[in-house]
Every structure is written in C-alpha cells, then in structure tokens.
Amino acid sequence: MDTGSMCTVERRGRVHLITITGAGEHRLGLPLISALRSAVAAARASPGAGALVLAAEGKYFSNGFDQAWARTVPLHLQMSMSDGFRGLLADLLALPMPTVAAVTGHAAAAGCALALAHDSVVMRGSRGFLYMSEVDAGIKIVDYFGEVLRQKVPDAATRRDMVLAGSKMTAAEAVRRGVVDAAADGGVDDVVAVAVAAAEGLAARGWDGEVVAEIRKAMWPAVWGKVKDYGAEAAAAARPRL
C-alpha cells in the first residue's frame with residue numbers, strides 16, 4: 001500500500017509538522033489512516049522533536065471516513081477502517097509530546113474527532129466548520145467518537161447541538177463555546193503558522209514527554225480505554241521477544 005504521497009512530514013524547529021496533501025476531501029480510508037500513523041510514528045522516533053502539529057492542504061481538514069469505499073466492501077474491511085482509526089487516536093494519545101491540530105478547513109465526522117483528539121486546536125477563522133454529520137447521514141455514532149466528544153466538549157448543550165442536531169460550528173462559535181482554543185485569520189499557511197508557534201511554545205517548556213503522555217491518558221481515561229488496544233504501543237507489547 002503506497003501511502004507516502006498522502007501526507008508530508010517536516011521539522012520546523014522542535015515541531016514535527018504533518019500535512020495531509022492534495023485538494024480533495026481527505027477521506028479517512030485505510031491508505032490515509034496508515035500514512036498518518038506512519039507519520040506519527042516518525043515523530044515519536046525523531047530525536048529532539050518537542051511537539052506535533054497536524055494540518056491539511058485545500059478546503060478540507062478531513063471530511064470523515066471513506067464511506068463510498070466502505071459501502072462496496074465486506075463488513076470486516078469496514079471494521080478494519082474503524083479499527084485503524086482507533087489506532088491512530090491511540091497513537092496520538094500515547095505520543096510523548098504535546099499535539100496541536102491546525103484545522104485548516106472543514107472537519108466532519110471522523111475528521112472532527114481527529115481534530116479534537118489533539119491537546120489543542122487552532123481553527124481557520126475565515127473558512128471551515130466542525131460538523132458531526134452522522135445524524136444527517138443516517139449513520140450510528142461509534143462508541144469511541146462519543147467518548148471523544150464527552151471528554152473534549154464538556155458543555156452538554158454544545159455536545160447535543162453537534163451530535164443530535166448536526167450543527168455546523170464555525171471557528172468563532174467553536175472558540176466561544178470552548179471547543180477549540182483559537183481562531184486564526186488568513187489562509188492555510190497562516191493557520192499552520194499560528195499552530196506551529198503554539199506548538200513551539202509548548203515544546204520550549206521542556207516537559208518529560210512520557211509524563212505528558214501518561215497525564216493525557218489519565219485526563220481522558222474513557223477515550224483511552226476505548227482505543228488503547230489498537231495503538232502502536234499495544235502492538236509493540238504483543239510482539240514476542242526474542
């Protein structure tokens with residue numbers, strides 16, 4: 001499976017920047033999920049990396065799972081997409097450094113959950129919205145999405161509007177409601193620059209990365225409990241030792 005062309009990885013100071021490439025919807029099918037997990041693993045293994053930023057090119061941050069593909073394949077392949085995404089969230093929660101999502105465009109369904117799985121979220125002020133589209137699409141929400149929203153969207157009315165009303169939340173409203181940390185003016189590059197600056201500030205604190213990861217798991221135990229068995233840490237622990 002060739003995933004190398006789906007995202008780029010670069011260092012900006014102590015920040016590891018992952019960018020989903022292209023002008024499409026950045027649907028989270030198996031290829032993109034695999035590419036992102038590889039990029040997160042590279043950040044973990046990179047000497048001196050102090051923080052991670054995830055961004056995307058084009059109009060979309062991510063428009064969710066690749067449902068068009070999922071409708072054409074057997075159930076076990078559909079489940080492999082969801083399980084792979086669980087693994088990606090587990091990898092982010094276990095990452096020994098602060099994480100920042102640069103939501104450069106629309107973030108819907110799994111794309112919204114991906115953004116919220118980061119420690120901090122910077123959202124483009126002039127374009128894009130957060131949108132849990134499941135109620136409009138007639139799709140049941142999966143359990144770990146529910147936990148992400150319970151943990152990351154503490155206000156019950158906001159959570160209800162997102163999940164049961166399918167509200168499309170702009171950056172200004174998301175900041176006002178405490179769902180994201182900041183709205184950035186300008187285009188994609190400007191949003192990324194703000195996110196990288198925020199990440200660099202966190203990296204400069206010089207925290208112990210393993211402590212950061214363990215605190216994160218303890219802060220969001222219900223999410224971690226739903227995803228931990230699918231992450232890279234669990235896979236490494238399960239390998240036989242020679």
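The legends below describe close-up views of a predicted model.

**View 1. An open sheet of four strands.**
Four strands form this open sheet, and their order is E4-E6-E8-E9. The pairing within the sheet is mixed. Strand E4 (60–62) and strand E9 (168–169) are the edge strands, and each of them pairs on one side only. In general, strands of a sheet pair through backbone hydrogen bonds, either parallel or antiparallel.

**View 2. The pairing of E4 with E6.**
Strand E6 covers residues 106–108. E4 and E6 pair in the parallel sense, over two bridges. Ser62 stands opposite Ala107 in E6.

**View 3. The largest cavity.**
A search of the whole structure finds two cavities of 30 Å³ or more. The largest cavity holds about 40 Å³ of space. Its lining consists of Ile18, Leu36, Val40, Leu52, Leu54, Leu88, Leu92 and Leu114. Helix H1 (30–45), strand E3 (51–56) and helix H3 (75–93) are the elements that give two or more residues to this lining. By class, the lining has eight nonpolar residues, no polar ones and no charged ones.

**View 4. The second largest cavity.**
The volume of the second largest cavity is about 40 Å³. The residues that line this cavity are Leu93, Leu116, Ala117, Val148, Lys152, Trp220 and Val223. Six residues of the lining are nonpolar, none is polar and one is charged.

**View 5. The largest pocket.**
The largest pocket has a volume of about 580 Å³. It is lined by 25 residues, of which Phe65, Gln67, Ile139, Lys140 and Val142 are the closest to the centre of the pocket. The elements that give two or more residues to the lining are helix H2 (67–70), H3, helix H5 (134–137) and helix H6 (143–152). H3 provides the largest share, six residues. The lining divides into 14 nonpolar, six polar and five charged residues.

**View 6. The second largest pocket.**
The second largest pocket has a volume of about 220 Å³. Pro98, Asp119, Ser120, Leu202, Trp207, Val212, Ile215, Arg216, Met219 and Trp220 line this pocket. Helix H10 (residues 209–219) gives the most to the lining, with four residues. By class, seven residues of the lining are nonpolar, one is polar and two are charged. Trp220 is listed in the lining of this pocket and also in that of the second largest cavity.

Notes
Residues are numbered from 1 along each chain as its sequence is written. This is a predicted model: local features need pLDDT of at least 70, side-chain atom pairs count only at pLDDT 80 or more; totals for chains, interfaces and linings use all residues. Side-chain values use heavy atoms; hydrogens and water are left out. Two strands pair if DSSP finds at least two bridges between them. On a 1 Å grid over the protein atoms alone, a cavity is a set of points where a 1.4 Å probe fits but cannot get out, and a pocket is an open set with protein on both sides within 12 Å along at least five of seven lines; lining residues have an atom within 4 Å of a point. Grid points are joined across faces, edges and corners, and a volume is the space filled by probe spheres set on the points. Ala, Val, Leu, Ile, Met, Phe, Trp, Tyr, Cys and Pro count as nonpolar, Asp, Glu, Lys and Arg as charged, and the others, Gly among them, as polar.
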